[in-house]
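Visitor: Please pick one part of this model and go through it closely. Plain words will do.

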Amino acid sequence: MTTSQPAGVSEADLEHLFDRTIADDARIEPRDWMPDGYRKTLIRQVAQHAHSEIIGMQPEGNWLTRAPSLRRKAILMAKVQDEAGHGLYLYSAAETLGADRVDLTVKLIEGKQKYSSIFNYPTLTYADVGTIGWLVDGAAICNQVPLCRSSFGPYARAMIRVCKEESFHQRQGYELLATMMRGTDEQRAMVQESVNRWWWPALMMFGPPDDKSPNTEQSMQWKIKRHTNDELRQRFVDMSMPQAKALGVTFPDPDLAWNEERGSYDFGEPDWNEFTEVITGNGAANAERIANRRAAHEDGVWVREAAMAFAARNEETN
């Protein structure tokens with residue numbers, strides 16, 4: 001869906017109305033006029049978010065057949081199903097901006113669009129299922145709750161349900177780890193080893209430092225985002241530390257310490273060279289994730305064609 005300039009209304013007047021809507025903390029809706037840059041920024045961000053939800057089904061889905069009990073299998077299956085739903089909400093939001101979800105998927109497969117760096121790390125043990133729920137979904141909550149107040153209406157409304165479900169996922173992950181920490185020495189060691197591997201990638205989920213982030217400033221001005229990458233990263237660290245203490249695990253950061261003057265935790269610098277390698281396609285699981293997504297897309301051609309034929313037939317008969 002695209003919008004055109006109404007007859008008799010100058011572009012300057014439309015820009016003024018758009019700017020006033022943003023300044024008043026009101027919502028931009030799909031049929032409203034918006035600058036091309038705003039639309040392109042939103043398509044990039046919403047598509048990346050949608051891709052992340054769909055690709056994010058893979059790391060945990062890898063453990064569906066190996067979860068240790070029927071209860072754990074059911075919990076994990078429900079979570080993976082939720083992630084699929086999140087992707088559909090977000091692709092629908094992107095479509096209100098004139099994007100086509102099949103085109104977005106093709107761009108993802110061809111490497112023209114990205115997804116969250118975190119999903120290019122392998123899940124090596126069952127403890128990773130809990131750590132992803134606790135840390136990865138915890139980081140997602142920090143990042144996504146402010147998006148419920150995003151200036152673009154469909155995106156903000158989609159995020160309300162997404163955040164409620166992500167909050168549930170975070171609690172599920174924490175509960176799994178807490179159960180393992182009450183188990184054997186081997187289970188406790190497994191949890192700590194998992195936390196050690198996922199801590200730094202979780203910090204990198206928020207994106208590069210503010211002074212190296214090319215899109216943050218403009219997205220903040222348009223109120224697509226409400227907080228900078230570094231602000232969200234700090235919020236996540238401050239939120240995670242008390243939870244780690246209660247759980248009985250530590251984070252692999254010798255610089256992590258409470259700063260009384262700031263009222264927040266100081267922490268070390270993630271390896272941004274590793275971050276760059278991962279987002280440019282050289283992470284441990286990049287090739288596997290995209291290969292699986294390509295296969296699913298190609299295997300689903302007949303389903304999409306059948307659905308379109310059915311829709312066309314209904315339209316003819318009606």
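Guide: Helices here are DSSP runs of H or I with at least four residues, and strands are runs of E with at least two, both numbered from the N terminus. The model is predicted, so local features need pLDDT of at least 70 and side-chain atom pairs pLDDT 80 or more, while totals for chains, interfaces and linings use all residues. Residues are numbered from 1 along each chain as its sequence is written, and side-chain values use heavy atoms, without hydrogens or water.

The part is helix 10, residues 229-247.

Buried residues (under 20% relative accessible area, 1.4 Å probe, protein chains only) in helix 10 include Asn229, Leu232, Arg233, Phe236, Val237, Ser240 and Leu247. The buried residues pack against helix 6 (127-144), helix 7 (153-181), helix 8 (185-204), helix 9 (216-221), helix 11 (272-282) and strand 2 (264-266).

Asn229 is also in contact (heavy atoms within 4.5 Å) with Ser213, as is Pro208, leaving aside neighbours of Ser213 within four places in sequence. Ser213 sits in the loop between helix 8 and helix 9. Ser213 is buried, with a relative accessible area of 17%. Its side chain makes a polar contact with that of Thr216 at 2.6 Å; such a contact is a pair of N or O atoms within 3.5 Å, one able to donate a hydrogen and the other to accept it.

Just after helix 10, Gly248 has a positive phi of about 95 degrees.

Technical notes:
Expected span 1.5 Å × (residues − 1). Buried < 20%, exposed > 50% of the residue type's maximum accessible area, 1.4 Å probe, protein only.
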